[in-house]
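Please look over the chain shown here before reading on.

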Amino acid sequence: MPRLAASGLATAATLLAGVACAQSDSPVDQGPPNVPAFRPAFPEQTRAPALDSGIELTVETIAAPLEHPWGIALLPDGGYLVTERPGRLRVVAADGTISAPVAGLPEVRAEGQGGLLDIALSPGFAQDRTVYWSYAKPLGGGASATAAARGRLAEDGASLTGVEDIFVQDPPSPTAVHYGSRIVPDGAGHLLVTTGEHFTERERRLAQDLATTYGKIVRIDADGTPPDDNPFAGLTGALPTIWSYGHRNVQAAALDAAGQLWTIEHGPQGGDELNRIEPGRNYGWPIISYGQNYDGSPVGEGVTARDGMEQPRYYWDPVIAPSGMVFYDGAMFPEWQGDLLVGSLSPGALVRLRLDGDKVVGEERLLTDAGRIRDVAVAPDGAVLVLTDADDGALLRLSNDAPPE
Ligand SMILES: [Ca+2]
């Protein structure tokens with residue numbers, strides 16, 4: 001894509017391309033970084049040039065109110081499964097009708113950032129009616145941990161049966177924050193589950209400990225069994241479910257068109273990260289970070305890079321508080337093909353990242369007036385679906401339809 005300021009020729013090309021592809025060399029207006037001393041490891045690792053689709057999105061409410069909706073899955077009949085963090089799963093019909101809570105869910109710890117979190121359909125859902133979800137599992141004495149479970153959704157959508165846990169993070173945590181968690185079927189029979197490290201100085205260190213699933217991405221079979229080809233399978237002192245480690249609080253995960261897993265994790269004050277996940281790799285938390293602690297003190301030794309630790313493909317400072325993402329593959333917005341759409345809780349937006357291979361080459365902030373965006377999906381017609389995180393949250397549809405009269 002041409003740059004406005006690159007040369008006279010590029011300027012002419014940009015004019016020919018029209019406003020739909022406008023781009024400048026300046027990043028999105030986002031205020032100063034919290035840690036101005038940090039420098040990106042490579043160009044455009046942060047503050048990529050701002051993009052402007054020139055699209056006036058039409059925003060319609062499909063369903064509301066939903067109490068702190070967290071995860072969405074699209075049903076084959078045109079409806080949706082939506083989790084509400086306090087512990088309810090709803091079936092939203094194609095016409096927006098919200099069901100009574102689906103019966104049969106396990107108890108959740110709905111406190112802090114905990115509760116019922118993500119939801120995903122089995123790739124064979126049309127036949128097996130199996131759904132997977134992640135949640136904060138109460139484990140006694142006020143402790144809890146990130147868990148993933150599965151069950152069969154009744155044909156009428158009213159209940160789940162055969163409910164069983166397939167993953168429970170260990171050890172139980174007294175700290176009801178930083179659970180992650182997204183759950184992504186990889187299309188090859190496995191599930192990828194993202195977690196968090198429960199925030200405290202004591203617990204965050206466990207992100208580097210291969211004997212726990214704090215601050216990890218785990219990969220399991222549909223029944224919870226660790227696959228034999230996981231990177232630490234058979235290694236003494238390491239858990240065989242671990243796929244990658246050194247993560248903080250991963251609340252966004254998606255596969256690209258090639259089936260490659262990408263995740264986004266919350267940084268501290270500065271340092272939200274987009275990572276391309278390779279098995280067995282160390283993503284650095286809390287040893288390296290592009291952010292600082294909330295009190296302004298450095299994270300660890302205050303360094304952004306170390307040998308043997310992966311660099312984020314992109315980072316934000318100040319943060320966007322990322323939750324939920326999808327690679328756009330719909331027909332409605334052809335110019336967004338392959339772009340990453342990310343929910344921002346704060347300042348609140350739908351963030352579009354243009355990628356070129358494994359590099360981010362542009363960023364746009366859309367839907368900046370709808371509050372906290374918790375999850376993102378693409379509808380069969382190419383419209384974008386988002387969940388807004390509020391006491392009276394909603395499922396919204398973003399389209400290029402003519403606005404309703
Ligand atoms: Ca990292």
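## A strand pair and its sheet

In which sense do β23 and strand β24 pair, and over how many bridges? The two strands, β23 and β24 (residues 384-388), pair in the antiparallel sense over five bridges. Strands here are DSSP runs of E with at least two residues, helices are runs of H or I with at least four residues, and both are numbered from the N terminus. Two strands pair if DSSP finds at least two bridges between them. Within this pair, Val376 has Val386 in β24 as its bridge partner.

The pair belongs to an open sheet of four strands in the order β3-β25-β24-β23, with antiparallel pairing. At the edges are β3 (58-66) and β23 (373-378), each of which pairs on one side only. On average, neighbouring strands of this sheet are turned by 20° against each other, direction ignored. The axes behind this angle are lines fitted to C-alpha atoms, for helices over the stretch in contact, and angles run from 0 to 180 degrees between N-to-C directions.

## Model and overall form

This is a predicted model, in which local features need pLDDT of at least 70 and side-chain atom pairs count only at pLDDT 80 or more, while totals for chains, interfaces and linings use all residues. Residues are numbered from 1 along each chain as its sequence is written.

The protein has three helices and 25 strands. Its C-alpha trace spans about 65 × 55 × 40 Å along the principal axes.

## Core

Buried residues make up 47% of the 405 residues. A residue is buried if 20 or more other C-beta atoms lie within 10 Å of its own, exposed if 12 or fewer, and partly exposed in between, with C-beta atoms placed from the backbone. The largest nonpolar core has 94 residues, and Ile72, Val376 and Leu395 have the most contacts inside it. Such a core is a set of buried Ala, Val, Leu, Ile, Met, Phe, Trp, Tyr and Cys residues joined through C-beta atoms within 7 Å.

Leaving aside neighbours within four places in sequence, Val376 is in contact with residues including Leu341, Leu350 and Val384. Contact means that the C-beta atoms of two residues, placed from the backbone, lie within 7 Å.

Strand β15 (residues 250-255) is largely enclosed by the rest of the structure, because five of its six residues are buried. Five bridges join β15 to the antiparallel strand β16 (residues 261-265), and Leu255 stands opposite Leu261. The two strands form a hairpin with five residues between them, and Gly259 in the turn has a positive phi of about 85°.

A second hairpin consists of β9 and β10, with six residues between them. Its strands run antiparallel and are joined by six bridges, and Arg150 stands opposite Glu164 in β10.

## Backbone exceptions

Most residues other than glycine have a negative phi, and most peptide bonds are trans. Phe199 is not a glycine, yet has a positive phi of about 75°. Leu367 also has a positive phi, near 50°. Phe199 counts as buried because it has 20 C-beta neighbours inside 10 Å.

The peptide bond from Ala64 to Pro65 is cis, with omega near 0°, and Pro65 is found in strand β3. Another cis bond runs from Trp285 to Pro286, with omega near -5°.
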